[in-house]
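Here are my notes for you to read alongside the coordinates.

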Amino acid sequence: MPTQTLTYRFRFAAGSPHLLGGYSHALTLVIFVFFIILVRSGCDESGLFSFLIRSEKEFHDAAKRNDTDKMRELMKKGVDIKAKNKVSRTALHWAAGAGNEQALRLLLDHNNEVDVEDSFGMNPLLLAAWFGRLKILQILVASGAKLNCENKNGLGLLHCAAQRGHSRVLEFIMEDLVEDVLLDRVDNSGKTAFHLAAEHGQLEVVEFLIGMGCTHGLKDKDEHMALHLAAKHGHNEVLQKLVETGVDIDERNIDGLTPLHLSSDGGHYECVKLLLQACCNVNALTNKNMNALHYVAQHGFERETSLLLEAGVNTDTVDGQHTSPLHIAVLHNHTEVVRLLIDAECDLDISDHRLQTALHIAAEHGRQDIAEMILIAGVNLKLLDKQGKTSLEVAARGNHVILVDMIIKADRFYKWEKDHQVETQHLRSVTWRLATKDLSRGEWKSLAQHWGFTDAHIRSIEQQWTGTKSFKEHGHRMLLIWLHGVVIAGENPIKGLYEGLTGISRTDLAGESMDRGTGLIVDIVQKCFACQQ
Ligand SMILES: *[C@@H]1O[C@H](CO)[C@@H](O)[C@H](O)[C@H]1NC(C)=O
Ligand SMILES: *[C@@H]1O[C@H](CO)[C@@H](O)[C@H](O)[C@H]1NC(C)=O
């Protein structure tokens with residue numbers, strides 16, 4: 001061979017057109033013949049070189065559409081009825097998968113290879129189970145098909161029927177073939193039919209298998225029980241059934257995730273709710289020390305965040321990187337989740353492994369809305385990150401001008417607050433009362449307009465939170481923003497509030513009706529005065 005190669009090389013290099021042409025013709029011919037031999041001899045097992053000649057393709061198509069007349073016609077002409085396509089599938093596979101009984105019988109009468117496998121390891125029996133063809137399955141069994149078969153992924157008869165939700169097929173298998181089939185048999189990933197039914201949300205099958213007495217708590221190679229898989233994929237009805245079996249709902253998988261972590265990660269509201277109602281451990285930690293809140297914060301799942309917060313999840317758990325759910329929500333710009341965490345009074349001053357607080361992260365990424373919420377809630381502005389920078393310096397370095405401005409104002413406001421503790425306490429409680437009790441829907445907007453908020457300002461406050469009571473939140477936020485501004489400008493907030501309320505004809509609140517003595521302003525002025533005595 002080497003000599004020959006050399007010769008070819010030499011000839012090619014010599015560049016004689018005549019010789020070159022002669023050799024390349026010969027070469028093409030040799031390759032072609034070799035190819036044909038490859039294809040038409042056992043090499044098609046690998047599927048690499050096989051293809052169907054025309055009559056074989058027609059035969060497969062006829063089997064697919066149950067056209068037995070056409071099949072007989074082709075058989076008379078001597079078509080190879082065992083011919084395989086490029087995934088080693090034969091006419092028998094097609095007839096079985098499509099549920100074509102007559103075509104199947106015709107093939108079985110002429111071909112005894114009932115267990116023939118395609119390149120995925122699927123034989124006609126497994127295909128019949130996969131597609132729920134009960135009658136076909138019965139014929140194949142009667143024709144001596146092997147019951148203990150499995151495909152390349154280790155899926156057996158029960159797995160195929162269970163994953164696809166064919167309970168009638170399962171019933172037949174369990175009633176008639178039970179001696180030959182193992183209920184808790186596992187596939188290559190360690191999953192039983194029960195696992196697959198749970199993973200794919202096949203409620204009826206799950207119920208059937210529970211009734212048959214399968215083992216509920218078996219774990220696959222990732223240490224998932226069926227319960228984990230239902231939770232992970234959001235199949236709440238299946239999950240309900242599995243919870244009722246009494247398995248431990250706080251069981252951890254190989255990474256330490258419980259069903260609650262998995263359904264939180266997937267954003268499966270109903271599953272999260274169900275697990276919480278079943279009293280799962282809301283504060284369970286993964287191997288990386290994450291609780292469920294870390295997961296919902298990462299994806300920005302607001303409804304699930306609310307559920308977890310209502311269930312009393314710890315807002316301040318830090319993971320292996322010392323990252324809190326707030327850090328994660330800020331990093332991923334999930335404004336609503338940040339608001340929920342702040343409302344739940346999470347710790348705003350936690351530093352992660354880079355010594356960054358949530359505000360540092362907001363400053364670094366220029367997240368204005370989030371920074372504003374954090375600043376209004378009140379944080380420690382003196383905290384330094386690993387490079388010794390405050391959040392103000394981080395915002396300045398990033399050239400986030402508006403943020404720089406906000407932080408400076410907040411800093412001055414905090415100082416003012418410190419010097420005027422009593423007044424601010426009252427002012428804060430007054431703004432809260434005003435927003436949530438006294439002002440009716442829409443009035444906060446009139447007040448904002450009176451104070452010179454632009455339409456754009458009002459719109460962006462309004463866009464923030466939506467819900468039936470959101471006008472109260474909008475009003476409160478507007479009042480706090482106003483309060484910041486007034487205080488920073490060195491104006492008298494009590495006077496401003498008085499004028500604002502009078503301006504929108506809520507003189508009752510402004511306290512003009514002195515007789516009634518119910519005016520808010522009168523209230524604070526009196527309180528502040530009393531305290532300062
Ligand atoms: C298949 O074709 C036969 C006739 O050859 C017919 O009797 C039978 O009902 C067909 N079956 C299906 C599933 O279409
Ligand atoms: C962050 O979210 C806000 C809305 O909450 C959006 O206006 C802004 O564009 C987002 N920023 C980035 C960088 O995606």
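1. **Confidence.** Please keep in mind that this is a predicted model. The mean pLDDT of the protein chain is 86, and 85% of the residues reach at least 70. Where pLDDT is low, predicted coordinates should not be read in detail.

2. **Overall make-up.** The secondary structure of the protein chain consists of 31 helices and 0 strands. Of its 533 residues, 41% count as buried. Among contacts with a separation of 6 or more, 68% join residues 24 or more positions apart.

3. **The largest core.** Which residues touch the most other members of the largest nonpolar core? They are Leu-107, Ala-129, Leu-140 and Ile-374, in a core of 129 residues. Helix H28 (residues 470-488) contributes the most to this core, namely 8 residues. At least three residues come from each of domain 2 (45-125 + 133-145) and domain 3 (420-532). Beyond its neighbours within four places in sequence, Leu-107 makes contact with Ala-63, Ile-81, Ala-91, Leu-92 and Ala-95. Another core, of 5 residues, lies apart from the largest one; Leu-497, Tyr-498, Leu-501 and Ala-510 are among its members. As a general background, nonpolar side chains tend to be buried together in soluble globular proteins.

4. **Helix H21.** In helix H21 (residues 358-365), 7 of the 8 residues are buried, so the helix is mostly covered. The buried residues are Ala-358, Leu-359, His-360, Ile-361, Ala-362, Ala-363 and Glu-364. Just after H21 comes Gly-366, with a positive phi of about 65°.

5. **Helix H20.** Why can helix H20 (residues 335-343) be called largely enclosed by the rest of the structure? Because 7 of its 9 residues are buried. These are Thr-335, Val-337, Val-338, Arg-339, Leu-340, Leu-341 and Ile-342. They pack against helix H17 (292-299), helix H18 (302-310), H19 and H22. Just after H20, Glu-345 has a positive phi of about 60°.

6. **Positive phi in two loops.** Glu-223 is not a glycine, yet its phi is positive, at about 60°. This residue sits in the loop between helix H12 (203-212) and helix H13 (226-232). With 15 other C-beta atoms within 10 Å, Glu-223 is partly exposed. Cys-279, likewise a residue other than glycine, has a positive phi near 65°. Its place is the loop between helix H16 (269-277) and H17. Is Cys-279 buried or exposed? Cys-279 counts as exposed, because it has 10 C-beta neighbours inside 10 Å and the cut-off for exposed is 12 or fewer.

7. Gly-234 belongs to the loop between H13 and helix H14 (236-244). It counts as partly exposed, with 18 C-beta neighbours inside 10 Å. Leaving out neighbours within four places in sequence, the contacts of Gly-234 are Ser-263, Gly-266, His-268 and Cys-271. Gly-234 and Val-272 are 38 residues apart in sequence, while their C-alpha atoms are 8.9 Å apart. His-299 is found in helix H17 and is partly exposed, with 18 other C-beta atoms within 10 Å. From His-299 to Ser-264 the sequence separation is 35 residues and the C-alpha to C-alpha distance is 9.3 Å.

8. **Ligand 1.** Which residues are around ligand 1? The model places Asn-66, Thr-68, Gly-99, Asn-100, Glu-101 and Gln-102 there. By class, this shell has 5 polar residues, 1 charged residue and no nonpolar ones.

Key
Residues are numbered from 1 along each chain as its sequence is written. Chains are lettered from A and ligands numbered from 1 in the order in which they are written. This is a predicted model: local features need pLDDT of at least 70, side-chain atom pairs count only at pLDDT 80 or more; totals for chains, interfaces and linings use all residues. A nonpolar core is a set of buried Ala, Val, Leu, Ile, Met, Phe, Trp, Tyr and Cys residues joined through C-beta atoms within 7 Å. A residue is buried if 20 or more other C-beta atoms lie within 10 Å of its own, exposed if 12 or fewer, and partly exposed in between; C-beta atoms are placed from the backbone. Helices (H or I, at least four residues) and strands (E, at least two) are DSSP runs, numbered from the N terminus. Domain bounds come from an automatic or database domain assignment. Two residues are in contact if their C-beta atoms, placed from the backbone, lie within 7 Å. pLDDT is the predictor's confidence in each residue, from 0 to 100. A residue is near a molecule or strand if its C-beta atom, placed from the backbone, lies within 6 Å of it. Ala, Val, Leu, Ile, Met, Phe, Trp, Tyr, Cys and Pro count as nonpolar, Asp, Glu, Lys and Arg as charged, and the others, Gly among them, as polar.
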